[in-house]
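Subject: Structure handover

Hello,

Here is the structure I said I would pass on. My notes on what turned up in it follow below.

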Amino acid sequence: MKIPFNRPVLMGDEQRYMADALQRGHVSGDGYYTKAVNARLCELTKSRAGLMTTSCTHAIEMTALLLGVGPGDEIIMPSFTFVSTANAFVLRGAKPVFADVRPDTLNIDERALEAAITPRTKAIVVVHYAGIGCEMDVICETARRRGLAVVEDNAHGLFGGYRGRPLGSFGAFATQSFHETKNVICGEGGALMINDEAFVERAEIIREKGTNRNRFFRGLIDKYTWVEPGSSYLPSDILAAFLWAQLEASARIQERRSAIWTGYHAGLRGWAERTGATLPTVPPDRTQAFHLFYMLLPTTEDRDGLIAHLRANEIGAVFHYVPLHTSEYGRTLGYTDGQLPVTESASERLVRLPLFNDMREDEMQRVIEAVGAFEPRARVGTA
Ligand SMILES: *Cc1c(COP(=O)(O)O)cnc(C)c1O
């Protein structure tokens, strides 16, 4: 591929900071760089507390433990998401209750929540798809009225905002990902952001194998012990050093991503109008995170045709989530085709274009030209 779909990009200081972490002699978790990362993430998301984790998947698992999710509990979430959103709760014996998404943002449809709530519902998990915020006012109000927790799977949403507040600041918890496919990366990594003070101490315990080791290190107790079930969710400080370099460069990263995203949107508008393709919608009260650029083609055939056409031009374009409810495992939970029509239709027609942190203007223009040369079948002969 001349223009890959994604390329992990070093911003410059990663190796220097990783070497410094080695020099400092503290290469396990919660060293100098982990603390710096935690503080920076709290500033960015305006969260009360932040704990870097080994992945976003693990951060979501921590929310399931913190909320005491168990067999018989139900968790409302979109089906149009990554498997980890559901797995974390399924691993605790809970049932994912999939709600459909809105046709404009592909975020969970807040109007579908009331009907999905039962006496067994424990939480609503939202995903800010593509880094464009969900309808947080209605979602938080519904959760408050029905006594449910809100968890933001904010893997796409770091740097995004809703009505002047950062994504990641709305739920009791928000989870971040620094996997190499995200905006800022460290290879594999994540974070748990906590907005409800009452959960901070237990979160530290669960992340430290169920021990109160953190209190011991702070000198609050003279020996540490096992206090509740937990696991090992803290990454090495070497990875935190990598991430720190990326976070320091985040203004540059976001500037480039924004330029590419905006260039795509402007450059493809005419083609989209002519062919019946749909470009992403960003409601005016939202600041987006520029995580990905997607389009919806008129039909699946058109979408597959465009991916093949771009591949022939050595451009990497890809589809996205197979809805969890129609996945092999989703079917074992009793779900069938046709239950979530907006999700199914979007999944079948969606394509993502290349977007990475050092993508050049000429590369963007090449992609726009290649897309512009593609005629969806649905419109052939009707133009
Ligand atoms: C990437 C992603 C995850 C998983 O992140 P990891 O850090 O790889 O565990 C979870 N949810 C969403 C929406 C994601 O995009």
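Predicted model: local features only at pLDDT ≥ 70, side-chain atom pairs only at ≥ 80, totals over all residues.

Overall shape

Along the principal axes, the C-alpha trace spans about 80 × 55 × 35 Å. Of the 383 residues, 57% are buried.

Aromatic residues

There are 14 aromatic pairs in the structure. In one of them, F80 and Y129 are tilted, with 4.9 Å from centre to centre and 55° between the planes. This pair links distant parts of the chain, the two residues being 49 apart. F80 is in the loop between β2 (74-78) and α4 (83-90), while Y129 is in the loop between β4 (121-127) and α6 (136-146). Both F80 and Y129 are buried. They also belong to one aromatic cluster, together with Y294 and Y321.

F216 and Y224 form another tilted pair, because their ring planes meet at 55°, with the centres 5.5 Å apart. Y224 lies in the loop between α8 (213-217) and α9 (237-248). Along with F216 and F217, Y224 makes a nonpolar surface patch of about 310 Å².

Two arginines sit over aromatic rings. The charged end of R24 is over the ring of Y32, 3.6 Å from the ring centre. The charged end of R165 is over the ring of F170, at 4.1 Å from the centre.

Salt bridges

Side chains of opposite charge can pair when their charged atoms come close. With a cut-off of 4 Å between a side-chain nitrogen of Lys or Arg and a carboxyl oxygen of Asp or Glu, the count comes to 32 salt bridges.

One of them joins K122 and D73, whose closest N and O atoms are 3.7 Å apart. Which side of the 20% limit for buried residues does D73 fall on? D73 has 14% relative accessibility, so it counts as buried. K122, at 30%, is partly exposed.

D337 and R331 form a salt bridge with their closest N and O atoms 3.1 Å apart, and R331 is partly exposed at 39% relative accessible area. D362 and R360 meet in a salt bridge at 2.8 Å, N to O. Both partners are partly exposed: D362 at 42% relative accessibility and R360 at 44%.

Finally, salt bridges that share partners join R102, D104, E110, E135, D137, R163, D285 and R286 into one network.

Regards

Notes:
Residues numbered from 1 in each chain as written. Heavy atoms only, no water. Phe/Tyr/Trp six-rings, centres within 6.5 Å; stacked < 30°, edge-to-face > 60°. Helix = DSSP H or I, 4+ residues; strand = E, 2+ residues; numbered from the N terminus. Buried < 20%, exposed > 50% of the residue type's maximum accessible area, 1.4 Å probe, protein only. Lys NZ or Arg CZ within 6 Å of the ring centre and 35° of its normal. Patch = residues over 30% accessible without salt bridge, like charges linked within 9 Å, V, L, I, M, F, W, Y side chains within 5 Å. Areas by Shrake-Rupley, 256 points an atom, 1.4 Å probe, with all protein chains shown as cover.
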